[in-house]
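Colleague: I'd like to learn how to read helix faces and helix packing. Can you walk me through a case?

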Amino acid sequence: MKTLAVHLHIHYQEQLDEILSRLANLQGVEYDLFVTLTDEDEQVRAKIKAFKPEAKIIKVENRGYDIGPFVEFLHCINLDDYQYVLKLHTKAKHSQNYTHLNNMRFDNTLWGKVLWDALLATPKRVRKDMQILENPQVGMLSSKYCINKEERNYKKLLTQINQKLEELKLHKTERPEFVAGSMFYAKAKLLKPLLNLQINDFAPTDAKVKEGTLAHVVERVLGEVIKEQGYEIYGVNDWYPLFLCWKAALKRFVYQRKVTQNGKLLIKVLKLPIYSKKI
């Protein structure tokens, strides 16, 4: 049995070098790399093969954001061949919007960095994560700051979440706990219920749709899949996101450019709206 199967979904191809540099911190860990791509690109393929010649590259439809390709990846491996799975993906950095997690506000750049660093910041971080996963009670590991069970982040989807849990032959939940941003290590055997899903179950990805899709439902189901089998989700506690969130909050106070839920471009300076336009 190999230690680790890594699933990397590449949608924003300009982030490939950054992620490969982090994957280099898996030194000393026996792993297989599986990369899903929504677009064929020979330069991207060449970089992946130069980094790890035996990597398997899988072309997928752009369905279900990063969740649909993850489901496709699970069907490409035998989960019994691995101890753990590492799920990674690129994250849009051009968006000016932000999300609330555990009483902190994250823009997409910070959100991605916090998740990547919790899993791959340094070889030492990787070794610590592997040691934590050896704990028989730990089924999933990610950043403490992104493990979430706040009502506002699941309330509108709770009926759909419980319907999907029933379909997967799991118990309903009143308060789902999940990794917001869906990047994590998990014990491979615990992911088997997800084999009841197919990538074609997911609608084509629409970047304008921010919530309510099957992908958003399954993101929240993932944590319950782990907990239902008697395991816990472990949060890596790094101090630096607190500083970065404070820095980002100050920056947003001075200048903020965002797209509202009703499709308006809104610009604020010192919290005062100075420009608004329907887009």
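Colleague: Which residues of helix α1 are buried?

Modeller: Buried means under 20% relative accessible area, exposed over 50%, with a 1.4 Å probe and protein chains only. Helices are DSSP runs of H or I, at least four residues, numbered from the N terminus. In α1 (residues 16-23), the buried ones are L16, I19, L20, R22 and L23. They sit on the same side of α1, because they cover an arc of only 160 degrees around the axis; the arc is that of the directions from the helix axis to the C-beta atoms. One caveat: this is a predicted model, where local features need pLDDT of at least 70, side-chain atom pairs count only at pLDDT 80 or more, and totals for chains, interfaces and linings use all residues. Residues are numbered from 1 along each chain as its sequence is written, and side-chain values use heavy atoms, leaving out hydrogens and water.

Colleague: And which residues are buried in α5?

Modeller: In α5 (residues 123-133), R125, V126, D129, M130, I132 and L133 are buried. Their arc is only 160 degrees around the axis, which puts them on the same side of α5. K124 and Q131, on the other side, are exposed.

Colleague: Which residues have the most contacts inside the largest nonpolar core?

Modeller: A nonpolar core is a set of buried Ala, Val, Leu, Ile, Met, Phe, Trp, Tyr and Cys residues joined through side-chain atoms within 4.5 Å. The largest one here has 80 residues, and L23, L26, L88 and Y185 have the most contacts inside it. Helix α4 (residues 108-120) gives the most to this core, eight residues.

Note on methods
Helices (H or I, at least four residues) and strands (E, at least two) are DSSP runs, numbered from the N terminus.
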